[in-house]
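Subject: Structure handover, with notes

Hello,

The structure we spoke about is below. My notes follow it, starting with a question to settle before reading further.

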Amino acid sequence: MAEGGGRSNPNVPVYEYVDINTQVFHVGSFRQLWLDSLPPDVYSFEELDEEAQDAKFSEEFGVPAETLAELRAICSVDSLKSYPDDEPPDTSVVPPDPQLACLRLRKRKQDYKNSLAKDYTGRHDAYTNEMELQSVGRKPADADNAVPEGEIVLTFNIVYPVIFYRFKYVRPHQTLQVLGSQKLAELRDAICCVSDLQVFGEFSSVPDAVPQFVSKDHYKSAFFYFEGVFYNDMRYPECRDISQTTREWAKTRDFPAFTVAKMEETTFYDLKVKIGYPYLYCHQGDCEHVVILTDIRLIHRDDCRDRKLYPLLTYKHRVVTRKCSVCHLYISRWITTNDSLAPMDPCLFCDQCFRLLHYDKEGNKIAPFKAYSYVDPGAFN
Amino acid sequence: MEYVLSFRFFKVATFYFGDSFRDCEELLGRFQQTESVRFETFCEIWRDMDFSSVHYGVPMACEKRAFTRMALAKAYSYFLPPYTFQIRTGGLYLLYGVYHTQLAWPKEKIWVALKDWCIILQFLQNALEAGHLDVLYIYRKLVSEKAIIFTLTFQVKRKRPEHKECEEFQDFPARVENMVSSDALNEISHIQGHYERLKETLSLTSVFGAAQQNLVCCIKACAVGFKEWQERNSYSQRADLLAAIKSKSYGIVTEVCDYFQYLNFNIEQIEVSMFFN
């Protein structure tokens with residue numbers, strides 16, 4: 001695919017490494033280029049009816065009425081049909097004796113599936129489409145919350161941290177769409193990570209006293225790193241600049257100077273980024289997520305147009321939850337160590353099995369052990 | 001081109017990789033043989049191949065969507081250079097056909113990149129000047145029906161078996177462009193720099209001279225000169241071809257309409273930058 005007109009304007013994204021990532025560009029300027037290049041009716045949400053479209057075409061290109069009628073007939077979608085109207089084909093199966101190579105391939109897969117005694121639908125597939133359909137074409141009840149025409153939508157993949165060994169290879173992620181006019185802090189708030197829900201403390205003596213505060217309430221500092229700039233979350237008095245350590249370390253090495261900014265004061269229009277290039281989101285001090293901007297485009301009529309729903313979660317990897325070691329039914333809520341009553345160390349329990357096994361009727365511990373609150377990574381499922 | 005890269009899309013794209021090429025190439029190959037750019041002719045081949053059935057037999061909604069995305073991406077690639085005008089017209093018709101016969105809902109859109117926008121407008125300008133009203137009508141229909149999403153099209157491609165692009169579809173000027181790309185020139189310049197430094201280190205500067213001093217500039221100048229010569233000649237060849245096809249075009253369009261007022265590009269600049277990638 002050739003690239004035209006790109007090199008002359010630095011805000012037209014072109015590849016830096018082909019099929020890997022683009023060069024740096026300014027998001028706001030990229031939007032302006034599109035808006036300058038397109039007539040407003042092209043990116044508008046309004047659609048003219050067919051007659052109005054044809055009238056406009058006739059007027060713009062000076063096409064006489066007979067020619068327009070001929071064009072309308074020949075270019076109609078019905079011209080593509082190869083079956084009579086009263087005999088529509090069954091689109092759920094591959095037609096018999098297919099000519100097309102794609103269909104022959106699909107038929108082999110279809111025949112194989114039909115030969116199986118059981119055919120399982122992956123849970124990821126079941127959820128993925130459902131999640132996308134939740135927001136398609138959603139409009140706000142209140143006009144103040146309507147996303148305007150010409151707004152930019154950015155799509156970010158936030159990769160899970162490597163909390164399981166296999167996460168190095170499976171690369172599970174969640175996909176969030178944000179509007180160009182939103183602040184980085186809004187994306188930070190929308191990212192779901194299990195490390196934000198951790199409850200610290202040992203509760204074997206007082207199992208009923210597990211506090212309601214989670215790590216997210218205690219450790220509020222976070223930053224995004226994009227193109228040499230650390231965007232810190234400084235909204236609360238407890239927030240600290242956790243990028244300072246990295247920046248000071250970098251000064252002692254042969255690195256270019258990094259700068260800082262506030263994520264609550266920076267919109268996505270202000271960013272200079274590359275598409276496809278891995279950046280960083282760090283929170284809870286050491287929980288690091290790779291962040292990749294995969295796509296940037298003008299908003300479309302069929303997109304979700306309710307501003308309150310953005311950042312919009314469009315895909316999420318579902319983690320298999322770890323069940324209790326005793327009942328294998330309920331999701332684990334406790335993890336014990338140095339526990340002589342448990343079959344392994346550490347061991348996971350659901351709340352009921354944990355209490356039944358470790359405490360007597362009065363609620364006293366019946367053996368020495370240590371117990372910590374466990375939040376399953378599948379908690380966000 | 002791009003999209004949000006999901007594992008599902010990648011899996012579907014890899015599964016159909018070679019076969020989707022074969023189907024598209026067969027359709028466009030037959031279209032090329034007709035030496036026409038008429039949509040009517042394209043439709044006859046489409047119906048004969050029953051190309052609408054390419055969407056059939058996909059039970060799951062997310063897979064329908066992923067397949068349609070892949071098919072639109074493939075069709076879009078034929079809509080851009082280095083293919084000939086006729087193949088690019090076939091690519092536009094293929095986009096229209098795949099978009100309207102898809103079974104996914106909501107409909108998968110056609111993703112158009114900013115970097116391709118000037119090229120597309122130039123194509124439409126050529127179609128307008130040659131009087132190919134059906135090309136313009138099809139394009140305007142896609143725009144009016146909101147079938148297009150304006151984006152950066154970007155796709156991370158993982159390692160796949162290489163598919164040899166059909167040479168008969170490609171336009172002539174592209175071959176020199178492919179050989180003398182900016183990457184190749186950078187590499188030559190880098191190697192020459194290395195060679196010169198080596199000579200200096202061994203104090204052999206005045207003795208050896210295996211390569212010209214300004215090799216990269218010479219290659220660039222030759223390539224630009226060749227392209228300009230080709231442009232001059234191919235315009236006359238293309239004018240003859242377009243004139244032949246124009247005899248079958250719709251009516252006569254005497255005025256260049258205001259639709260292209262949003263063209264904000266310099267043709268020369270595009271051609272040179274396209275050439276040097």
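Where pLDDT is low, the predicted coordinates should not be read in detail.

Some conventions. This is a predicted model, in which local features need pLDDT of at least 70 and side-chain atom pairs count only at pLDDT 80 or more, while totals for chains, interfaces and linings use all residues. Residues are numbered from 1 along each chain as its sequence is written, chains are lettered from A and ligands numbered from 1 in the order in which they are written, and side-chain values use heavy atoms, with hydrogens and water left out.

Confidence overall

The predictor gives the complex an ipTM of 0.83 and a pTM of 0.77. Chain B has a mean pLDDT of 76, with 68% of its residues at 70 or more. Within chain B, confidence is highest in helix α5 (residues 85-101), at a mean of 94, and lowest in helix α11 (residues 267-276), at 36.

Chain B as a whole

Chain B has 11 helices and two strands, in the order α-α-α-α-α-β-α-α-β-α-α-α-α along the sequence. These are DSSP runs numbered from the N terminus (helices: H or I, at least four residues; strands: E, at least two). Of its 277 residues, 58% count as buried, where buried means under 20% relative accessible area, exposed over 50% and partly exposed in between (1.4 Å probe, protein chains only). Among contacts in chain B with a separation of 6 or more, 79% are between residues 24 or more positions apart.

Helix α7 of chain B covers residues 133-144; at 1.5 Å a residue its 12 residues should span 16 Å, and its end C-alpha atoms are 16 Å apart, which agrees. The expected span is 1.5 Å times one less than the number of residues. In α7(B), 12 of the 12 residues are buried. Just after the helix, K146(B) takes a positive phi of about 60°.

D134(B) lies in this helix and is buried, at 1% relative accessible area. Its side chain makes a polar contact of 2.8 Å with the side chain of R38(B) and reaches the backbone nitrogen of F39(B) at 3.1 Å. A polar contact is a pair of N or O atoms within 3.5 Å; within protein, one must be able to donate a hydrogen and the other to accept it, and residues adjacent in sequence count only if both atoms are side-chain atoms.

V58(B)

V58(B) sits in the loop between α3 (39-49) and α4 (61-78) of chain B and is buried at 3% relative accessibility. Beyond its neighbours within four places in sequence, V58(B) is in contact with residues including T91(A), S92(A) and R106(A).

Cysteines

The whole structure has zero disulfides over all chains, a disulfide being a pair of cysteine sulfur atoms within 2.5 Å. For C239(A), the closest cysteine sulfur is in C282(A), 13 Å away, which is too far for a bond.

Regards

How values were computed
Contact means heavy atoms within 4.5 Å. pLDDT is the predictor's confidence in each residue, from 0 to 100.
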